[in-house]
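User: Hi! I'm new to this one and would like a friendly tour. Could you put it up on the screen?

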Amino acid sequence: SSESTAAERKKWTLNDFDIGKPLGRGKFGHVYLAREKRSNHVIALKVLFKSQLKESQVEHQLRREVEIQSHLRHPNILRLYGYFYDQKRVYLILEYAAKGELYKELQKCKYFSERRAATYIASLARALIYCHGKHVIHRDIKPENLLVGAQGELKIADFGWSVHTFNRRRTMCGTLDYLPPEMVESVEHDANVDIWSLGILCYEFLYGLPPFEAKEHADTYRRIIQVDLKFPPKPIVSSAAKDLISQMLVKDSSKRLPLHKLLEHPWIVQNADPSGVYRG
Ligand SMILES: CC(C)NC(=O)[C@H]1CCC[C@H]1Nc1nc(Nc2ccc(C(=O)N(C)C3CCN(C)CC3)cc2)ncc1C(F)(F)F
């Protein structure tokens, strides 16, 4: 939509913000807690070094991602309020997610309860239905790209690449685990890639590992292509959950369970908190 808010039109500079503690750092720069002086609004300021953007040839990708992200308005998608730059850096003014990074929470508790997993999956399905409605696909929803808001709600927060934090998992951009067959075989892909990735995420929420993980990339690749889906005996997971995952991890992308059907699936209906917030 063409409407842009004052936040996007305003010419921001670093002087508009009080910079707080670092939230994490990575390949392209740092993320800081910050407060916009006039409104006292707390935000996250992602600082990217132009030199590194150039050498990684991601400038055009950054422009596209900023363009998309700034127009998305959904409770489960992290807001991009605006951006600015100086001689050496690009600054993204982003929503601050008070409860941090979901992958750290998943590492801490190994895997989630069925209620917690279903609540998260339902909220992400609603965010993806919103994105697809705006012809935005492939929001790259692996755990590293999910943040948690103050009320415990999930926020999809990806800009097409990840900011590495200290104790990161396997190379973020390198992991094949979440790619559906059509992307691994690099044929054209459509919005149904997101249904596949959401199925991978659901499996990892319940078992603590993605379904096709293998030591070597070549093995992961083969397991994805063959949809070599196995459910371990532990932890015990309901057959309803396995049924949902099996309907999402389907090689033929047109046969994957549509997202609106996912919201009607018995496992979601019986386990997801309607508010989209897991209260423990
Ligand atoms: C999706 C993308 C791939 N990921 C990222 O960008 C990461 C990379 C660095 C931080 C994060 N980016 C963001 N993080 C927050 N909130 C946040 C993060 C971390 C903590 C936390 O646990 N500590 C500070 C802890 C506190 C305790 N000590 C011990 C460790 C760090 C608490 C709140 N809001 C918005 C963003 C955003 F996205 F807008 F930048």
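User: How many helices and strands are there in the protein chain?

Analyst: The protein chain has 11 helices and seven strands. Helices (H or I, at least four residues) and strands (E, at least two) are DSSP runs, numbered from the N terminus. This is a predicted model, where local features need pLDDT of at least 70 and side-chain atom pairs count only at pLDDT 80 or more, while totals for chains, interfaces and linings use all residues. Residues are numbered from 1 along each chain as its sequence is written, and side-chain values use heavy atoms, with hydrogens and water left out.

User: Thanks! What share of the residues count as buried?

Analyst: Of the 280 residues in the protein chain, 51% count as buried. Buried means under 20% relative accessible area, exposed means over 50%, and partly exposed is in between (1.4 Å probe, protein chains only).

User: Which residues have the most contacts inside the largest nonpolar core?

Analyst: They are Leu198, Phe205, Leu206, Leu262, Trp267 and Ile268, in a core of 49 residues. A nonpolar core is a set of buried Ala, Val, Leu, Ile, Met, Phe, Trp, Tyr and Cys residues joined through side-chain atoms within 4.5 Å. There is also a second, separate core of 16 residues, with Ala44, Leu48, Leu80 and Leu147 among them.

User: What is leucine 262 in contact with?

Analyst: Leaving aside neighbours within four places in sequence, leucine 262 is in contact with Ile121, Ala125, Leu198, Leu244, Met248, Leu257 and Ile268. Contact means heavy atoms within 4.5 Å.

User: Switching to helix α4: which of its residues are buried?

Analyst: In α4, residues 102-109, the buried ones are Leu102, Tyr103 and Leu106. Seen down the helix axis, they fall within an arc of 100 degrees, so they line one face of α4. That arc is taken from the directions from the helix axis to the C-beta atoms.

User: And what covers the buried residues of α4?

Analyst: The cover includes α5 (114-133), β6 (146-148), β7 (154-156) and α7 (192-207). After α4 comes lysine 110, which has a positive phi near 65 degrees.

User: Now strands. How many bridges join β2 to β3?

Analyst: Eight bridges join β2 (residues 29-36) to β3 (residues 41-49), and the two run antiparallel. Two strands pair if DSSP finds at least two bridges between them. Alanine 34 stands opposite isoleucine 43 in β3. The hairpin of β2 and β3 has four residues between the strands, and asparagine 40 there takes a positive phi near 60 degrees.

User: What about β3 and β5?

Analyst: Seven bridges join β3 to β5 (residues 89-95), again antiparallel. Here phenylalanine 49 stands opposite arginine 89 in β5.

User: Last one: is arginine 223 buried or exposed?

Analyst: Arginine 223 has a relative accessible area of 14%, so this residue is buried. Arginine 223 is found in helix α8 (residues 217-225). Not counting residues up to four places away in sequence, arginine 223 touches Pro211, Phe212, Glu213, Asp228 and Lys230.
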